[in-house]
Amino acid sequence: MKILALGAHPDDIEIFMFGTMAAYAAQGAELVFVIATDGGKGGKGDPGLLARARREEAAVAADLLGATSHFLDFPDGALVADAALIAALKTLIGDIRPDLAITHAPNDYHGDHRALSDGVRIAASFAVPVLHADTLGGTGFSPTHYVDISGHFELKAMAIRAHQSQDPERFVDAARTQNAFRAGQCNGATGSFAEAFRFEPIFPFADIRALLPPAPVIRPVTVSTKTVK
């Protein structure tokens, strides 16, 4: 399988979907990471220097899984789903020919995330199904699919920490909380983690379950065996 992961900024893939990418890598899938903007507004100081540093950080994180990286270098904070973005995405999809594309939810918190989501949806057309990753904090997100990342969370944390320019521990903590909660939605065991996704069936793609790594194991729900006296 070939999986195309698309993030608006250099650390988005790591925060929102890296555990799932690690699960795919464990299955032997080929991974391609696409970062839409240069990340030059993700901090203080010279935007050019920051963009260069963030590209290097993203490359380090991608190397943890042996993923191939593509940088589109659109200006950070100004991404729109215009002809230029859609053309760049169409070219990539045509060249890569992925089995599945994963990107931001259309209602995520950042305007660049929403623009990329719209652009990917338009560019994908009949070529590839599109799966949307969880929103920041899970706000306004109703999952349809879950991926068990319990065995991959520490690698995900390592990937997030590769982005030293971004004060990464805050994102590690947020991901730990959110991924533990998503596992809890599946009645996961204590200490388990899951990433959540949403798929909207669009012809000709009606069902993508066969394209996903395993979901958390469904545990039986039992009543208490204690006797109240």
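Colleague: Which elements make a β-α-β unit with E2 and E3, and is that unit right-handed or left-handed?

Modeller: This is a predicted model, so take what follows as a reading of that prediction. The unit consists of E2, then helix H2 (residues 47-63), then E3, and it is right-handed.

Colleague: How do E2 and E3 pair, and over how many bridges?

Modeller: Strand E2 covers residues 30-37 and strand E3 covers residues 68-74; they pair in the parallel sense, over five bridges. To see one of the bridges, find Val32 and look across to E3, where Thr68 is the bridge partner.

Colleague: What about E1 and E2: which way do they run, and how does the chain cross from one to the other?

Modeller: E1 and E2 run parallel, joined by six bridges.

Colleague: Which strand is joined to E1 by three bridges?

Modeller: That's E4, and E4 runs parallel to E1. Look for Ala5 here, whose bridge partner in E4 is Ile102. E1 is also mostly covered, with five of its six residues buried.

Colleague: In what order do the strands form the sheet?

Modeller: There are seven strands in an open sheet, and you can walk across it as E3-E2-E1-E4-E5-E7-E6, with mixed pairing. E3 and strand E6 (145-148) stand at the edges; each has a single partner strand, so one side of each is left without a neighbour in the sheet. Ignoring direction, neighbouring strands are turned by 25° against each other on average.

Colleague: Where does an antiparallel pair come in?

Modeller: Go to strand E5 (residues 130-133) and strand E7 (residues 194-198): they run antiparallel and are joined by two bridges.

Colleague: How should I think about side chains along a strand?

Modeller: The general idea is that in a regular strand the side chains alternate between the two faces of the sheet. For a case to look at here, pick Glu195, which lies in strand E7.

Colleague: Is Glu195 buried or exposed?

Modeller: Buried, because its relative accessibility is 1% and the cut-off for buried is under 20%. Its side chain has polar partners: a 2.6 Å polar contact joins it to the side chain of Thr20, and another, at 2.7 Å, goes to the side chain of Lys156. Leaving aside neighbours within four places in sequence, Glu195 is in contact with residues including Phe16, Gly19, Tyr146 and Asn179.

Colleague: Which residues touch the most other members of the largest nonpolar core?

Modeller: Met21, Tyr24, Leu31, Phe33 and Ile102, out of 37 residues in that core. Several elements each supply at least two residues, among them E1, E2, helix H5 (153-161) and helix H6 (169-185). H1 gives the largest share, nine residues.

Colleague: What does Phe33 touch?

Modeller: Not counting residues up to four places away in sequence, its contacts include Ala5, Ile13, Met21, Leu65 and Thr68. There's also a second, separate core of 22 residues, which includes Phe74, Leu89, Ala124 and Val128.

Colleague: Where does Ile208 lie?

Modeller: In the segment after E7. Ile208 counts as buried, because its relative accessibility is 2%. Not counting residues up to four places away in sequence, Ile208 touches Leu100, Pro129, Leu131, His145 and Phe199. Ile208 and Ala51 are 157 residues apart in sequence, and their C-alpha atoms are 35 Å apart in space.

Colleague: Which class does Ala53 fall into: buried, partly exposed or exposed?

Modeller: Ala53 lies in helix H2 and is partly exposed, with a relative accessible area of 26%. If you look from Ala53 to Asp76, 23 residues apart along the chain, the C-alpha atoms are separated by 14 Å.

Methods:
Residues are numbered from 1 along each chain as its sequence is written. This is a predicted model: local features need pLDDT of at least 70, side-chain atom pairs count only at pLDDT 80 or more; totals for chains, interfaces and linings use all residues. Side-chain values use heavy atoms; hydrogens and water are left out. Two strands pair if DSSP finds at least two bridges between them. Helices (H or I, at least four residues) and strands (E, at least two) are DSSP runs, numbered from the N terminus. A crossover is right-handed if, with the strands pointing away from the viewer, the path from the first strand over the helix to the second runs clockwise. Axes are lines fitted to C-alpha atoms, for helices over the stretch in contact, and angles run from 0 to 180 degrees between N-to-C directions. Buried means under 20% relative accessible area, exposed over 50%, partly exposed in between (1.4 Å probe, protein chains only). A polar contact is a pair of N or O atoms within 3.5 Å; within protein, one must be able to donate a hydrogen and the other to accept it, and residues adjacent in sequence count only if both atoms are side-chain atoms. Contact means heavy atoms within 4.5 Å. A nonpolar core is a set of buried Ala, Val, Leu, Ile, Met, Phe, Trp, Tyr and Cys residues joined through side-chain atoms within 4.5 Å.
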